[in-house]
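Visitor: Could we take a close look at just one part of this model? I'd like the metal site, walked through slowly.

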Amino acid sequence: MKKSEEIKSELSKAYPVRAELHAHTKPVSGCSDIPPRDAVRTFHNDGYDAMAITNHFSINKRWTNKEDYLEAYKHDFLEALDEGEKLGMTIYLGAELRFSKQSDNDYLLFGITLDDLDKIYDYLDKDLETFVRECKTETMVLLQAHPFRDDMILMDTDLLDGVEAFNMHPNHNSRVAVAYYYAKEHGKIATIGSDYHHVGHDNLAATRFSTLPKDSLELAEELRKNDFIYEISGNLMV
Ligand SMILES: [Zn+2]
Ligand SMILES: [Zn+2]
């Protein structure tokens with residue numbers, strides 16, 4: 001039988017790419033205290049190759065009109081992208097959606113471009129079903145974020161590509177083992193993410209891919225293949 005160290009070393013070689021799939025920046029996520037460039041540097045210094053910026057995207061009282069909000073939203077991403085280019089980090093556009101007609105559920109969205117935000121915004125005051133029916137495209141991957149946290153309502157898995165099974169936000173019990181089992185039971189994608197918001201968040205969680213997706217569209221394709229492994233605080237979960 002192989003020793004666990006050998007298995008880990010083989011897996012490490014087979015899945016060399018480290019990507020963060022859930023991170024928030026300020027000012028566009030009011031709950032984050034990390035400017036985009038600092039977020040990118042933090043993950044770069046921790047050995048990451050890529051990260052998704054998944055700022056909250058919801059009807060937001062801090063911006064009185066859609067245009068200003070979209071501009072601010074894009075600005076945080078473009079700052080991260082620019083810093084990523086300097087450091088050789090790949091940055092993916094993501095979003096964490098909340099639909100105001102429906103509970104406090106959050107949904108991670110990948111496989112989008114900046115141009116998609118305008119249309120997606122118009123569904124934020126509707127509900128998940130309407131968004132999926134009228135706005136979601138083939139390129140997008142939609143996951144219910146931390147579905148087993150308190151006050152979340154589990155949604156019909158037919159509306160979702162998967163769930164974020166491992167959410168490593170230090171201030172919540174996301175019941176990750178149940179969430180992982182739930183995703184697998186339903187034959188859905190099960191992702192991992194740090195839900196990074198603050199300085200000092202030290203249990204960072206990486207998705208390890210075999211190849212590096214170049215942008216959000218390729219990231220969504222790679223997630224659909226459902227061939228990746230998890231790493232928490234530098235430890236492969238095998
Ligand atoms: Zn937040
Ligand atoms: Zn989040």
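Visitor: What distance separates the zinc ion (ligand 1) from the zinc ion (ligand 2)?

Guide: Keep in mind that this is a predicted model. In it, 4.7 Å separate the zinc ion (ligand 1) from the zinc ion (ligand 2).

Let's start with the zinc ion (ligand 1). Its donors are Cys31 through SG, His56 through NE2 and His197 through NE2, at 2.1 to 2.2 Å. Along the chain, these donor residues follow the spacing C-x24-H-x140-H. Cys31 sits in the loop between E1 and H2, while His56 belongs to strand E3 (residues 56–57), so this pair ties together parts that are 25 residues apart in sequence. Cys31 has 35% relative accessibility, so it counts as partly exposed, the cut-offs being under 20% for buried and over 50% for exposed.

Now over to the zinc ion (ligand 2). Here the coordinating atoms come from His22 (NE2), His24 (NE2), Glu96 (OE) and Asp195 (OD), at 2.0 to 2.4 Å. The four donor atoms subtend angles of 77 to 173°, so the arrangement is irregular. To pass as tetrahedral, all angles would have to lie between 85 and 135 degrees. In sequence, the donor residues of this ion are spaced H-x1-H-x71-E-x98-D. His22 lies in the loop between strand E1 (17–20) and H2, and Asp195 in the loop between strand E9 (189–193) and strand E10 (205–209), so the pair ties together parts that are 173 residues apart in sequence. Both His22 and Asp195 are buried.

Phe57 is in turn a member of the largest nonpolar core, which has 42 residues; along with Met51, Leu97, Ile120 and Phe131, Phe57 touches the most other members. Among the elements that each supply at least two residues of this core are helix H2 (36–45), helix H3 (66–87), strand E5 (95–97) and helix H4 (116–121). H3 gives the largest share, six residues. Apart from this core lies another, of 30 residues, including Phe166, Tyr182, Ile192 and Ala220.

Definitions and conventions
Residues are numbered from 1 along each chain as its sequence is written. Chains are lettered from A and ligands numbered from 1 in the order in which they are written. This is a predicted model: local features need pLDDT of at least 70, side-chain atom pairs count only at pLDDT 80 or more; totals for chains, interfaces and linings use all residues. Side-chain values use heavy atoms; hydrogens and water are left out. A nonpolar core is a set of buried Ala, Val, Leu, Ile, Met, Phe, Trp, Tyr and Cys residues joined through side-chain atoms within 4.5 Å. Buried means under 20% relative accessible area, exposed over 50%, partly exposed in between (1.4 Å probe, protein chains only). Helices (H or I, at least four residues) and strands (E, at least two) are DSSP runs, numbered from the N terminus. Donors are N, O and S atoms within 2.8 Å of the metal (3.2 Å for Na, K and Ca); water is not among the atoms, so sites may look incomplete. Four donors count as tetrahedral if all angles lie between 85 and 135 degrees; four count as square planar and six as octahedral if opposite donors are over 155 degrees apart and all others between 65 and 115; anything else is irregular.
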